[in-house]
Amino acid sequence: MNEHNPSQDLSGHGWARGIQRASGAILRAERLALMALMGLLALMILLNVATRYSGMPIYWVDEAAVYLVVWLCFVGASTMTRLRLDFAVTLLTDTLGERMARRVKALSTACVLLFGCALIAMCWVWMDPVGIARHGFDAREFAAESFNFLYTERTQTLNWPTWVVQLVLPLFALTFTTHAAANLVEDLGLRPRAPITGFDLGSAEATVN
């Protein structure tokens, strides 16, 4: 019986396995979120049609439907990144050998990862959690000093805090970057491709890049 050697986890790229597992957990949560968002969107549309037909329209339904679509788009975009269903131009890689094509593909995935990291940094500066905490979470004092009115604005009809709706951006940045990192460790050959379950890709599997 072989004894477990902790150094084997490092040589076997245990950190890469951790990235894959984190991406898989996020993907499962996104699957549930997509189903919930699509269900709510369908409900909002039916409610809007029914109330307008009865002559008693609910004025906040339109805005709620718009925000549901926005969240649905961002969650879907993050999911498509891990499923490798994002758009790819293969004009260059089709002319290269298999080994060089893999390298170019890994470089492309690395650029996606860098974009995700830049998006995280942008969201950090934009939402400035340290700044709002330094002001005791007083949105007015924070806005007066920083001229960042994110935490003082509210939506037009729902009257929700704007930052709650726009929270999808930093969430997308984190999930997108995690998925890009998982794709990169697979493209670099550090880990074999993890099986994707719960998504019926159908004919799209032939176009996965």
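A crossing is left-handed if the near helix is turned anticlockwise from the far one by less than a right angle. Keep that in mind for the exercises below. The model is predicted.

**Exercise 1. Describe how α2 and α8 pack, and state which residues make the contact.**

Step 1. Take the geometry. The angle between α2 and α8 is about 135°, and their axes lie 9 Å apart.

Step 2. Classify the angle. Roughly antiparallel needs an angle over 145 degrees, and roughly perpendicular covers 65 to 115. α2 and α8 are therefore oblique to each other.

Step 3. α2 and α8 cross in a left-handed sense.

Step 4. List the residues. α2 contributes W15, A16, I19, Q20, A22, S23, I26, L27 and E30. α8 contributes T175, T178, H179, A181, A182, V185 and E186.

Step 5. Sort them by class. The contact of α2 with α8 has 9 nonpolar, 5 polar and 2 charged residues.

**Exercise 2. Work out how α2 is oriented relative to α3.**

Step 1. Locate the helices. α2 spans residues 14-53 and α3 spans residues 61-83.

Step 2. Read the packing. The angle is about 155°, with the axes 9 Å apart.

Step 3. Apply the cut-off. Angles over 145 degrees count as roughly antiparallel, so α2 is roughly antiparallel to α3.

Step 4. The crossing of α2 past α3 is left-handed. Their contact holds 18 nonpolar, 6 polar and 4 charged residues.

**Exercise 3. Do the analysis for α4 and α8.**

Step 1. Take the geometry. α4 covers residues 98-127, and packs with α8 at about 160°. The axes are 8 Å apart.

Step 2. Name the orientation. That angle makes α4 roughly antiparallel to α8.

Step 3. α4 and α8 form a left-handed crossing.

Step 4. Sort the contact. For α4 with α8, the classes are 20 nonpolar, 4 polar and 2 charged residues.

**Exercise 4. Decide where the coordinates should not be read in detail.**

Step 1. Start with the whole chain. The mean pLDDT is 86, and 89% of the residues reach 70 or more.

Step 2. Confidence is lowest in α1 (residues 6-11), with a mean of 43. Confidence is highest in α8 (residues 168-187), at 96.

Step 3. Conclude. Where pLDDT is low, the predicted coordinates should not be read in detail.

Technical notes:
Residues are numbered from 1 along each chain as its sequence is written. This is a predicted model: local features need pLDDT of at least 70, side-chain atom pairs count only at pLDDT 80 or more; totals for chains, interfaces and linings use all residues. Side-chain values use heavy atoms; hydrogens and water are left out. Axes are lines fitted to C-alpha atoms, for helices over the stretch in contact, and angles run from 0 to 180 degrees between N-to-C directions. Helices (H or I, at least four residues) and strands (E, at least two) are DSSP runs, numbered from the N terminus. Angles under 35 degrees count as roughly parallel, over 145 as roughly antiparallel, 65 to 115 as roughly perpendicular and the rest as oblique. Ala, Val, Leu, Ile, Met, Phe, Trp, Tyr, Cys and Pro count as nonpolar, Asp, Glu, Lys and Arg as charged, and the others, Gly among them, as polar. pLDDT is the predictor's confidence in each residue, from 0 to 100. Contact means heavy atoms within 4.5 Å.
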